[in-house]
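Hi there,

Here is the structure I promised to pass on.

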Amino acid sequence: MSPGKQASQSEAAAPMAGGARLEAMRCRVRLSRLAVWTVIAAGPVALAVAVASTPTTVEAATPAKPTAVPTAAAAANPAGYAQLFVSAWLRSSADDATTAQARLAQSMAPDVELPNPAAGAQSSPASVTAVRSAQRADGAWSVTVAAQYANGTVRYYTVPVAVEASGASFTVTSAPGVVAGPGRAEVPRSPYGVSVPEGDLSSAVGEFLAAYLTGAGEVDRYLAPGVQMAAVSPAPYTAVFVEQVSAVEEDAAAEKVPADGTAVRVLVRVEGRDAGGRWPLAYELTLKARSGRWEVAALQSGTAQGGGVR
């Protein structure tokens with residue numbers, strides 16, 4: 001077929017295809033009108049049903065809840081940095097700024113002078129510990145550091161630290177200042193006000209702690225069902241003696257083990273013994289009664305309020 005005839009057929013086919021599409025659209029419009037008039041003729045009830053059956057769903061966009069993300073500067077507590085600086089600074093001397101400790105201190109606080117201890121003076125602390133830190137302003141912190149010396153004395157230093165906005169960089173901004181140490185906080189009254197006499201409960205906690213701290217026996221035999229707890233390993237003590245047992249609930253002081261499921265919270269003061277001496281310890285335990293015996297349900301050491309060893 002010649003190219004001219006092909007072009008003529010293509011040009012003729014285009015109007016035909018367009019006409020077919022137009023006729024199909026007209027048919028759909030006529031059908032839609034017919035359906036609407038049919039519903040109207042059927043009455044209000046049919047119209048309501050038709051509207052209700054139309055699945056029109058409008059899904060509102062739910063605004064994303066903002067996620068609270070702490071800033072890096074707020075999360076970057078420079079307590080460890082200040083502790084490291086004070087340790088290096090106290091071990092430095094202006095007479096020899098080339099030592100490793102002096103170089104470290106100067107790199108952490110470029111504008112801070114090094115100390116100048118007297119010859120033979122005991123300036124190096126045995127340990128340095130950060131005890132308190134507070135953010136004074138954006139990027140400005142104050143850290144209190146305790147330096148303990150071999151003779152038992154403790155000296156407290158306050159260290160100003162600048163924290164870069166990203167929280168990745170720190171700088172000690174001025175020389176440390178010697179301050180008074182933190183005061184003693186008032187201890188609230190202990191909730192363990194019930195004295196527990198010798199008996200089933202005291203024996204239970206004594207046997208449990210002996211297994212837990214000395215390896216004498218299996219810990220599992222003293223635990224309530226479902227409770228898992230491993231003994232301290234290696235065993236730190238050769239013997240454990242119960243000194244005192246106090247409880248929150250009166251049921252702990254009963255002569256007989258109460259009904260199954262009864263739970264009591266107790267504070268146990270014990271003495272651990274090893275080759276190095278005797279060591280006072282305290283443990284908080286939760287015990288539950290089952291089948292006429294007390295079983296350990298939880299151990300939380302060091303959370304008692306006002307009920308510690310005196």
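What percentage of the 310 residues in the protein chain do buried residues make up? The figure is 28%, where buried means under 20% relative accessible area, exposed over 50% and partly exposed in between, with a 1.4 Å probe and protein chains only.

A word on provenance: this is a predicted model, in which local features need pLDDT of at least 70 and side-chain atom pairs count only at pLDDT 80 or more, while totals for chains, interfaces and linings use all residues. Residues are numbered from 1 along each chain as its sequence is written, and side-chain values use heavy atoms, with hydrogens and water left out.

The protein chain has six helices and ten strands; these are DSSP runs numbered from the N terminus, with helices being H or I of at least four residues and strands E of at least two. Taking contacts (heavy atoms within 4.5 Å) between residues at least 6 apart in sequence, 51% join residues at least 24 apart.

Now to helix α4, residues 79–90. Its twelve residues reach 17 Å from first C-alpha to last, close to the 16 Å expected, the expected span being 1.5 Å times one less than the number of residues. Among the buried residues of α4 are F85, V86, W89 and L90, and their cover includes α5 (100–108) and the strands β1 (127–137), β2 (140–148), β3 (154–163) and β4 (170–172).

How do α4 and α5 meet? Their axes come within 8 Å and cross at roughly 140°; axes are lines fitted to C-alpha atoms, for helices over the stretch in contact, and angles run from 0 to 180 degrees between N-to-C directions. The two helices are therefore oblique to each other, since under 35 degrees counts as roughly parallel, over 145 as roughly antiparallel, 65 to 115 as roughly perpendicular and the rest as oblique. From α4 the contact uses Y81, L84, F85, S87, A88 and W89, and from α5 it uses Q101, L104, A105 and M108.

Helix α6 (residues 200–214) is mostly covered, with twelve of its 15 residues buried, including L201, V205, F208 and Y212. Strands β7 (239–247), β8 (263–274), β9 (277–290) and β10 (293–300) are among what covers them. Just after α6, G215 takes a positive phi of about 80°.

Best wishes
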